[in-house]
Amino acid sequence: MNWFPAAILTALATATGDTILKARFSHLSPGSMAIVKSTAPMPFLLPLLLVISWPETDLVFWQTVGFLVPFEILALLLYMQALRVSPLSLSIPFLAFTPVFIVLTGWLVLDEKVTIAGLLGILCIVTGAYVLHIKGSRKGLFEPIKAIAKEQGSRLMLAVAGIYGLTSVLGKKAIQHSDPIFFACFYFMLLGIVTPLSLGALSWITNGFGSQNKQSTLWSFKKTGRNPWGAWWAIGLAQTIMVLSHMWAIHLVTAAYMIAVKRTSLIFSVIYGKLIFKEKEITQRLAGASLMVLGVGLIVLAG
């Protein structure tokens, strides 16, 4: 399979999973939403992990995995909080900054470099983020920048983009010392086990993490009249498609370029936000997201 179709499939699966998660589980705490997202793909990944051949792994692989897990859990918690507190089309587009961070981390970890076209792509991404808040320009040129500072979901997702800028290149490094399909199955099975245990321990230590509402736990859903387990399985399928296509694509091409194409999920997320959540000012946000995608497209062409 060529890397580009796999990256596009990754983008669609990412946006679909996020939309279902926000639609059906946003009433939960960020910790509980993180548990939903991390455990949902396990029933799909476990059988595959048991039947594939396991490659030989070395110390570098295990050191990289050990470094990845805590950052992945932190990013997941921030990601879930951003989905809860902000419109999908306003928070998700800030994930477009991930390849901007990878310009640095890819160079430091994988010795990957960008060109002038890549720098132009970065400018488009920043401009797109500005356009997302362009309505505020009626109050002054710098009002959109102030709006970004005020929007919690945007700030959280920008932090997630920074963390993913590191974990994406480290994930590719782990693949280089193992195998893309094995790593996809093994790593996300590991996250499905470690995430609930870590959050459970944190809950016990802090005596109430994510317990502001007695119904805000994974196993105590709100009474919505709909079976939440169907949504859980749907998220699991979307996550499984995402992780398999992600790992396959990223081992074939420079990390920054693959993640850039993956961020076309922004367009899917903005469309989902309009169709499902009836979010307002969608034309403005779609324009901003499109500029951000243009930026990541330039980064891809730079390769």
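Start by selecting W3, Y79, M157 and F183: these have the most contacts inside the largest nonpolar core, which has 84 residues. (Such a core is a set of buried Ala, Val, Leu, Ile, Met, Phe, Trp, Tyr and Cys residues joined through side-chain atoms within 4.5 Å.) Now color α4, the helix that gives the most to this core, with 12 residues. (Helices here are DSSP runs of H or I, at least four residues.)

A quick note before moving on: this is a predicted model, where local features need pLDDT of at least 70 and side-chain atom pairs count only at pLDDT 80 or more, while totals for chains, interfaces and linings use all residues. Residues are numbered from 1 along each chain as its sequence is written, and side-chain values use heavy atoms, with hydrogens and water left out.

Next, zoom in on F183.

Hop over to S178, in the loop between α9 and α10. Is S178 buried or exposed? S178 is buried, with a relative accessible area of 17%, because buried means under 20% (1.4 Å probe, protein chains only). Show its side chain too: the side chain of S178 reaches the backbone oxygen of A174 at 2.8 Å. S178 also touches P55, T57 and F61, among others, not counting residues up to four places away in sequence.

Last stop: select E72, Y164, F188, M242 and K262. Of the 28 residues lining the largest cavity, these lie nearest its centre.

Terms used
On a 1 Å grid over the protein atoms alone, a cavity is a set of points where a 1.4 Å probe fits but cannot get out, and a pocket is an open set with protein on both sides within 12 Å along at least five of seven lines; lining residues have an atom within 4 Å of a point. Buried means under 20% relative accessible area, exposed over 50%, partly exposed in between (1.4 Å probe, protein chains only). Helices (H or I, at least four residues) and strands (E, at least two) are DSSP runs, numbered from the N terminus. A polar contact is a pair of N or O atoms within 3.5 Å; within protein, one must be able to donate a hydrogen and the other to accept it, and residues adjacent in sequence count only if both atoms are side-chain atoms. Contact means heavy atoms within 4.5 Å.
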